[in-house]
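Biologist: I'd like to learn how to read a model like this one, feature by feature. Could you walk me through it?

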2 protein chains.
Amino acid sequence: MTSDIVDGGPDGSAAVPHPAWLPTAAFAPIGRRRVAVVLPDGNDDAEVAATVRREVAAATSAHGGSVVGPDEHPDLVLVLEPTATGSGFRVVRDGDRLTVSAARPTALLHGLFHVVRLGEAAFDGPDGDEQHSPVSGLRMLNHWDNVASHPRHGQVERGYSGGSIFYADGAVRTDLSRVAAYARLLAAIGIDQVAINNVNVAAREARLLTDGLDDVARIAAVLRPYGIRTHLSVSFASPITLGGLTTSDPLDADVRTWWRDTAARVWGAVGDFGGFVVKADSEGQPGPFAYGRDHADGANMLAEAVAPYGGLIHWRAFVYNHRQDWRDRSTDRARAAFDHFAPLDGHFAENVVVQVKHGPMDFQVREPVSPLLAALPRTRVALELQVTQEYTGQQRHAVYLGPEWSEILRWQARGDGTPTVAEDVARAGGFTAVSNVGDDPYWTGHPFAQANLYAFGRLAWDPTLDPSDLLDEWVTLTFPGAPAALREAIHAILDESWLTYEQYTTPLGVGFMVRPGHHYGPDVDGYEYTPWGTYHFADRDGVGVDRSSATGTGYAGQYPEPWRDVYESAESCPDELLLFFHHVPYTHVLHSGTTVIQHIYDTHFAGVERVERMVEAWESVAHLTDDDLTARVRERLAEQLRSAVEWRDQVNTYFWRKSGIADAHGRVIH
Amino acid sequence: MTSDIVDGGPDGSAAVPHPAWLPTAAFAPIGRRRVAVVLPDGNDDAEVAATVRREVAAATSAHGGSVVGPDEHPDLVLVLEPTATGSGFRVVRDGDRLTVSAARPTALLHGLFHVVRLGEAAFDGPDGDEQHSPVSGLRMLNHWDNVASHPRHGQVERGYSGGSIFYADGAVRTDLSRVAAYARLLAAIGIDQVAINNVNVAAREARLLTDGLDDVARIAAVLRPYGIRTHLSVSFASPITLGGLTTSDPLDADVRTWWRDTAARVWGAVGDFGGFVVKADSEGQPGPFAYGRDHADGANMLAEAVAPYGGLIHWRAFVYNHRQDWRDRSTDRARAAFDHFAPLDGHFAENVVVQVKHGPMDFQVREPVSPLLAALPRTRVALELQVTQEYTGQQRHAVYLGPEWSEILRWQARGDGTPTVAEDVARAGGFTAVSNVGDDPYWTGHPFAQANLYAFGRLAWDPTLDPSDLLDEWVTLTFPGAPAALREAIHAILDESWLTYEQYTTPLGVGFMVRPGHHYGPDVDGYEYTPWGTYHFADRDGVGVDRSSATGTGYAGQYPEPWRDVYESAESCPDELLLFFHHVPYTHVLHSGTTVIQHIYDTHFAGVERVERMVEAWESVAHLTDDDLTARVRERLAEQLRSAVEWRDQVNTYFWRKSGIADAHGRVIH
């Protein structure tokens, strides 16, 4: 079989990228029917309404149906009812007629894609009346894309999918058709906000805020028809670097004026602009600390500037000392976000959203849920996830992150029966994640990494969805009409791939052990003697970080009960987080009944075996899809297996050399 | 005091770089005398002869002396005697007259600088008649300079002194005055050959050989008046990449023709061109292996092309498998050069010089001398040293390498009373080294790193010179008229600095333990699980590489007696190389009487203390020199101390965690 991807132009982008979860075939159930689109004149968001019309026209044109009037016996009616209430859409099935209605065009578009997702089933079931609303109005993607290619990070920081869809050759792309296709994919999973540049704001990128506004407006114009608002990441030092002031002190009157004037120009250029994302006082980015101000001072000053336009300030809580002394065991990076932000609860302006990474460290394959998420009851909080697989295989490894995110979203910070993380953040904040797309023909490097972007959008809409079900949704949409064997194989490859990755990489929550800088592949001591605060403290007797309150850094004490007690003791701490919270001997016996050292050996052998089964699963069905896709997945799985073996051998050898304890099963450890 | 360095133009180069060992004051003993220069008309190398005249004119003009005729009672006569024999110069002191004579202008220029070096003492001593000749006619510097700045290595690979003096902005510099000043410094230490581009030949640099010949001729024209011949590093794949052929097989007729034609064009452009340097089949560079040919096939084909012009092929023996599997303990990178080249002895053409690194690995602070140097009796061999301090502090650390090189040069491969390495290579080959200069105002980043370039040139002329004496020579010339306290402090800082560096870095010859890629600063396991073949195999019981013939890789067996036996046994192996040759328990007792683990602790504490004394020494005299120099040295020494502490703590902690053996003196190990 050949692919429907067409090789692209000289910039390496595909002329026709992979359709992902919106192949033409997915529109057949709608497209072969009679569809009425009822849009009152003069509604807001007319461009989104036009998108609904265009989608229906394209679907019916492709599949032989027709666009009809509401009185012409339509099978499907899409109707905008400006007087309705609610942020979602309503689906009513009444005899032969399916009616999707919404108060706003964007919700109607979401409703249309809901029907696409259901396929024939949308039309087949019993009569009914359902309201579908997202739990939060903040479902956002952050792009770490650079306008000018960074000497070390390239066009997209932590990007594993080629170049940026927004930028090339140091400028915003002339041809933004990939951005339009991306916006359509996002609309289909309910994303409604996008920040278009890297949170590490370098000189060229900073200027998007001022002399780059025409370019920002061009991008916003492409996102707008899909109900997506554009945001910028901005540098806190902009008043100095762009405004020519001598300070960016948030309490300085000139600084406040500069930001107010700047906001006026931004919203003048993009009337529905969303707001600013700010990484302040973090990993070398400027911030309010330089002036003896706190993060509330910094965020609120910006919030004041954007408030007249309904703008938001997305203020990242990823603040820690990245020039730590590895000799100093009292400083614990895991504590930092809580220590900085928990005391500021209630101090932030109404239009500030504090954006908190899911764990206290940095998107590791396994971390405890950040205690900060439960420590800001009087603050709007957004959960930050990372769709781009920085520490989870960089889209060379098939790792489906839906189950990890689901675990985080369902976690109850105050114990059974108390609100979940999802409920906590949905209350006034929302969900954000770092995107994983680029100008790669498959969007995401590994074709299967599309599933992560898909799952993030769907979970941000409804965090109670089952990640395994979402995987099936994605497979069914992306491989329409595929034989069951192919769908089942892809499901099998991805379903537990997160746990597989955990098995062959860092054990028991200890994290890192990656090659410094690019973060790919094993290097057990790679960060052990660095200033980054990411240590495992392995010696000849044991391994792990003592974060107890009794004898360690006290991080466990940042949790409310019952978790504070659970994590405090090595006896009650869950196995998978043991080394995150405790330094234990290699002979410590886990709840699973095995010792720590034997667990390390066992999981690393098992992880590689599971990757071998993934390879076998793909080979058994690879002939059922097109050649390009087959080849791409095969090449990625081969690299995943090679890398898993490397992880297994380096980790096992490292701990064998240190512990001197042999594998109970006598397997080869080099 | 203020510096005589003048800040430079927009390209960051100093308009007037530091005079290094040729300050105007050094010419006073000559310059205030009556000097006659006697040059017969029509001699070869007229440009060099003109340099002799120019130097004398400048010196007498600066210091009030005069240029006189040979019959006008000169104090100093410089006379070219084309009928004389010998490659050096003759110095005759007869009453009040000093006469320097030579058969060739370049040797006369060397004689002039000899008098500069001696200063007043040249004129003061008793009558005498001395012949000074270099032990070898090959005293060469290799530049690893790139024309186009490399994305990772920058303008100069392993360069720690700013940009290239030859290239800027992707082209040969328009202003080559720095190259002229450099050539003058080299002539003063006897260097007579320079290769002007990186042995890792990238696309832009490859083209120097063809459409860049005008530029090469411009550089050669600047080097020529100082008696220095220009060489190029070339890519073995040039027939393909530049010639459009489909092969670079050395036995292919078209390939041979292409190289012959190319050589004709090169010598057509630069009549006194020196030859080609080739890094083949090494670290990804192309070579004859691709065609099933050996290195003699490759080198001899090039030799044939350049022979008509008296050209040389400098063929590097740095060939090893850089994609080794760390799990495979039978492969030993240390063996590689010998294994590849020793069997080819006698197979190389007469105008091929095989260029052999001083040790079997890669310019570590301590390695055994390469056994290959003693294994090629029927081959012209050049010893390759590294003046640029890649693994010895990168010119941020003050490390005087003269003592290391002297040890290597004096080493007797077949035991006491047999020829030294210097004698072996001087027989038909010579001495080459990687240069350490750039467009830094001090030439070498660390001002004291000038001493290494100085010592290399002097040792290449006469390898029996005492490195401590050479240090005094350099200090005296470079700081003319300085108070004794300043000269003594600089001598004290540098004299044993090589051993100091060894103390605080990798112990007992084990090598590496540096951060991968840039090679600066400690990372004990940094290369332990990589494909580079550079391992220490530390586990909880011991450390080191077993290279014995009895139980290890057999590398020790590559040495002739007596070293084969000396290195074979841990009992007879010298302490400083113990871990290079043997894997021993931490409790192994050294000849020094201490255990390996205690030696590691002791030397690392001692090394830092010695750097502290270096800092104190400088602070005690820093006011005696100019402010710029004071500040530059102070900043470098501060970094050296910081880095030495980091090395001490990481190495000590690493081995403490692994061995569990406490420091006998109870000092702080983190």
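Modeller: Gladly! Let's begin with a term: helices (H or I, at least four residues) and strands (E, at least two) are DSSP runs, numbered from the N terminus. Please keep in mind that this is a predicted model.

Biologist: Then let me try that numbering on a loop. Where is A:Pro562 found?

Modeller: A:Pro562 sits in the loop between strand 19 (542–543) and helix 18 (563–568) of chain A.

Biologist: What kind of peptide bond joins A:Glu561 and A:Pro562?

Modeller: The general idea is that most residues other than glycine have a negative phi, and most peptide bonds are trans. Here, A:Glu561 and A:Pro562 are joined by a cis peptide bond, with omega about 5°. In chain B, a cis bond also links B:Glu561 and B:Pro562, again with omega about 5°. B:Ala20 is worth a look too: it is not a glycine, yet its phi is positive, about 55°. You will find B:Ala20 in the segment before helix 1 (28–31) of chain B.

Biologist: On to packed helices. At what angle do the axes of helix 9 and helix 10 of chain A cross?

Modeller: Two packed helices are described by the angle between their axes and the distance between the axes. Helix 9 (residues 253–269) and helix 10 (residues 295–306) of chain A have axes that come within 8 Å and cross at roughly 45°. Helix 9 of chain A and helix 10 of chain A are therefore oblique to each other. The residues making the contact include A:Trp259, A:Ala263 and A:Trp267 of helix 9 of chain A, and A:Met301 and A:Leu302 of helix 10 of chain A. By class, the contact of helix 9 with helix 10 of chain A has eight nonpolar, no polar and three charged residues.

Biologist: And how far apart are the axes of helix 15 and helix 16 of chain B?

Modeller: The axes of helix 15 (residues 467–478) and helix 16 (residues 484–495) of chain B are 10 Å apart, and the helices pack at an angle of about 140°. That makes helix 15 of chain B oblique to helix 16 of chain B. Their crossing is right-handed. This contact of helix 15 with helix 16 of chain B divides into five nonpolar, three polar and three charged residues.

Biologist: Last, the strands. In what order do the six strands of the open sheet in chain A run?

Modeller: The order in that open sheet of chain A is 2-1-3-5-4-6, with mixed pairing. Strand 2 (66–67) and strand 6 (128–132) of chain A stand at the edges with a single partner strand each, so one side of each has no neighbour in the sheet. Strand 4 (residues 89–94) and strand 5 (residues 97–102) of chain A pair in the antiparallel sense over six bridges. Chain A also has eight strands that close into a barrel, in the order 7-12-13-14-15-16-17-18, with parallel pairing. The twist from one strand to the next averages 25°.

Terms used. Residues numbered from 1 in each chain as written. Chains lettered and ligands numbered in written order. Predicted model: local features only at pLDDT ≥ 70, side-chain atom pairs only at ≥ 80, totals over all residues. Heavy atoms only, no water. Axes fitted to C-alpha atoms, helices over the stretch in contact; angles between N-to-C directions. Parallel < 35°, antiparallel > 145°, perpendicular 65-115°, else oblique. Contact = heavy atoms within 4.5 Å. Nonpolar A, V, L, I, M, F, W, Y, C, P; charged D, E, K, R; others polar. Pairing = 2+ DSSP bridges. Left-handed = near helix turned anticlockwise from the far one by under 90°.
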